Amino acid sequence: MRLDRQHASKYTGFGCRPERVPEAFAHPAEPVTDSPRRRPTSAGPLLTASLLALLSPSVVAGSEAADFFESRIRPLLAKNCFACHTDTQMGGLRLDARQNILQGGSRGPAIKPGSPRDSLLIQAVTQSHPELKMPPRGKLTTEQIENLQAWIRDGAVWPEAQAAMAEQEPEQEYVIRPEYREFWSFQPVRKPETPRLDVDSWSRTDVDRFILEQLEQQDLRPGKRASRRMLIRRATLDLTGLPPTPKEVDDFVADSSPDAFAKVVDRLLESPHYGERWGRYWLDLARYGAGVSSASRDSPYPHAYRYRDWVIDAFNRDMPYDRFVKAQLAADLFPEDERVDLLPALGFHALSNHDVDRVDVTGRVFLGLTLGCAQCHDHEYDPIPTKDFYSLQGVFSSSRKHQYPLASDQVVQAYKDAKKRADDKKIEIDEFLKRVTDQLIDIFMTQTADYMTAAWRVMEGGEEAGSVARETSLDEEILAKWVAYLNETDRDHPFLDEWDQNRQGATPERAREMAERFQETLLAVHKEKREMDDVNYVRLGGAKGARNQGNRTRTPVEFIDPIKYYLWEDVAIGPHYRAGLQQPGGVYFLGPDEIERMLSPSWIRYLDRQEAELKALEEAVPPLYPYIHGYRDSDEPKDLQVAIRGDKKNLGPVAPRRFLRILSRGEPKPFAQGSGRWELAAAIASPDNPLTARVMVNRIWQHHFGRGIVTSASNFGRLGERPTHPELLDYLAARFVESGWSVKSIHREMMMSATYQLSSRMIERNYEKDAENRYYWRFNMRKRLDAEALRDSMLAVAGNLDRMQGGPGKPLDDENHRRAVYGLVSRTQPNRMLTLFDFPDARNTASKRSVTMGPLQRLYFLNNSFVVQQAEQLAERVEKEAGADHARRIRRSYELLYARPATNQEVKTGLKFLKSGDTSWTQYAQMLLASSEFTAVR
């Protein structure tokens, strides 16, 4: 099944129709739909694709539909479609309102909500439609197409602007009106007085008094306190992502002192595993990954782990949150004596999948504002004009990525010099092979009729290919390729239709005539392709420009007609990737090893010498020196002009680099220090900023209680949810700043409350009034541990957990027993187990994990080799610790997994099961690991 019509061979030219210019080092983006002319030959690939789709998190998961539209879809349409499909209405189609899209143009409705496959828009942008290929200047990226598909699949939500903000009167400058500042999240944080309640024997902290006040107003009563065993399991999983040991449980149960639980919390906060757990939450927000995604595998960031380790260490050391924020935006601008330890923090943006999201991610993560919605137009809901977006974009555009070596200048220079010598030699060999390959293809093209006629003799006459090749002086291997190609009639072009329809029963003369007509067509296409390659070669700036990834992406190039390209590709393309798998080249393409049989002895000797020199140069390259992925100010920082409707070719007024007007007192002053990142960081981390402290304490509350006081944790704007307990939120934000921005102090404040220590048991009377538990009358039971805690907990109870910290990430295979936070995070090929249990897409910031429940998760516990391995080890562990007696082993298993003793009935049921056979203990342990009690937090 041919899923992609792009090529990525270093030996081909550039005059084609794919999404981006073909090049030597990157793989093409994978398509979203099958080619219209290709049909699957078996169910296998489709079944695999279906399973992969089920294992992948939804693009829109955890995001409001309207927010998703404003941040992903409207900017995409504005940039790529509005120029032709608004007032000009090309094809009778407007794409600037939902009703216009549904009405469609001359070809009918552009979309069918709920069905991307049946939507004309998707067929056009995937270029699977036989006539429509949009946008005309090149295909959208895979991620953009996926976003469009997700939007249509979820109903094509298109929020109306007039529902939120008062319409601005025509004026030269956007005005922040006084009423805009009255919105709750833009108000300064003011520490409220603690509620005074007439009767209160339940509250333990001020947090409880805010909660109880609301409960009483709703005529609700708090439930009972959780049992000690349940409480220590909850706290340990919350703070470390690991279950408590039986000894830790027993010690807490036996401790009758009033501060017994406080001692548990303090111990857990001092554990090195605390930073691993809470650092991972931050990495979700930072869209941390170990490379840039592509079609088949990440282009690696070899030292990405240094940012991950810095985040973990910062949480363990309880780095003040304001410093934590500033470091991630401007570590390189700190005083020199502080800078070295903070530089890895720059990975927050330096490791992003693409640089265009820095304003949006900064806004969502630190401020809880969807700033990206203002890229193409004034924000539809919040008082953020487009000019403010470009003010911040100018800050980041005035910064450039930079590697900070962790080695001496001599070591760095020695590596660069040796690497350049090896790279130059490799380029020299590649260019030689490309020239030879092109010449051979040119020659073979003129022999097409000979090869097709010979192939006809093999296919229709039953002759042996080797004897036909020798008789006609043709290359036997190329003839075999022609036979295989002509036997495959499901192609993406019509140029062999005559041959396919008439070859059977044809006379040799008739076969020759058809072959010659096809050769004439092929030579004309090949000539057009070569001419277009020459034009694009000049546009790209010659060989050096063609090798530059950024240059290939930015430079507009010419394309031949797609149908012609498909013909050329079948015959002349080099090896390429399709659906993540390596594919062979075209009929006439010869790889380096195959070329040698076509070369004379003197040419072979030349190539052998060049390859020997390359090998020696590569062996002389020293190991890559360690460095930090970061960025620094550009030499000439500058303000940007507003791109009207997101179109960089349609520029408006200059947007001076400065902070958001809605978060400033009066008109904000332009940034004057370099790029402005230091001033931006200071403005965000200021105690006077009404959002920064609120947003962070809300995130901490969310992870402890299962939902935030503001449930839209990265959107405190008008599209976001309103706080259920606004005074409690402000109290916690004020306490956060008072504590010196100590995250650990907020953990203690929350966890020492009676609210946190509530049981998760149902109270029918309360449930009838507050089914969602918005007022916290019980503890919100987490239905399932997140992916990392689930995997780590299985390792821990089985006695297999490797507690080594830090260092390069490695794939989380069955042999890797380190904590999941230290696993390799691939954006292109995420770990299957993690994504099955809702690990977030590392290409985007994630404020909350989605929780899906499905049959594949149950099958994972039944069949996965990792689960079986841990079950076997768990069975061995309980035998070693509890002896041969099955009842004692069952009780030990319950203590390890559930932090409680087994009931008599559970022991009885276990004993009955264990009589079933020799392997029953492993199966029993596997069942215990799969139980909802082990996989959930109660």
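Reply: R280 and E788 form a salt bridge, with their closest N and O atoms 3.6 Å apart. The pair links distant parts of the chain: R280 is in helix 10 and E788 in helix 33 (residues 787-798), 508 residues apart. Keep in mind that this is a predicted model.

Me: Are R280 and E788 buried or exposed?

Reply: R280 is buried, and E788 is buried too.

Me: How many salt bridges does a search of the whole structure find?

Reply: The search finds 62.

Me: Which side chain does D730 meet in a salt bridge?

Reply: R694, at 2.7 Å from N to O. D730 lies in helix 30 (residues 726-738) and R694 in helix 29, so the pair ties together parts 36 residues apart in sequence. D730 is buried, with a relative accessible area of 12%. R694 is buried as well, at 2% relative accessibility.

Me: And what about E933, what does that pair with?

Reply: E933 forms a salt bridge with R900, and the closest N and O atoms are 2.7 Å apart. E933 sits in helix 40 (residues 932-935), while R900 is in the loop between helix 37 (886-898) and helix 38 (904-914). They are 33 residues apart.

Me: Why does E933 count as partly exposed?

Reply: Because its relative accessibility is 21%, and buried means under 20%. R900 is buried, with a relative accessible area of 19%.

Me: Which residues are linked in a network of salt bridges?

Reply: K434, D438, D442, K529, R530 and D533.

Me: Switching to R358. How far away is the nearest side chain of opposite charge?

Reply: That is D355, 4.6 Å away. R358 is buried but has no salt bridge. Its side chain does reach the backbone oxygen of F396, at 3.3 Å. Leaving out residues up to four places away in sequence, R358 touches R287, H349, F396, S397 and S399.

Me: Last one, helix 25. How many of its residues are buried?

Reply: 9 of 11, so to speak a mostly covered helix, spanning residues 562-572. Its cover includes helix 17 (409-445), helix 20 (476-487) and helix 22 (508-540). At the start of helix 25, a side-chain oxygen of D561 comes to within 3.0 Å of the backbone nitrogen of I563.

How values were computed:
Residues numbered from 1 in each chain as written. Predicted model: local features only at pLDDT ≥ 70, side-chain atom pairs only at ≥ 80, totals over all residues. Heavy atoms only, no water. Buried < 20%, exposed > 50% of the residue type's maximum accessible area, 1.4 Å probe, protein only. Helix = DSSP H or I, 4+ residues; strand = E, 2+ residues; numbered from the N terminus. Contact = heavy atoms within 4.5 Å. Polar contact = N/O pair within 3.5 Å; in protein donor to acceptor, adjacent residues only side chain to side chain. Lys, Arg positive; Asp, Glu negative; His and termini not counted. Salt bridge = Lys/Arg side-chain N within 4 Å of Asp/Glu carboxyl O.
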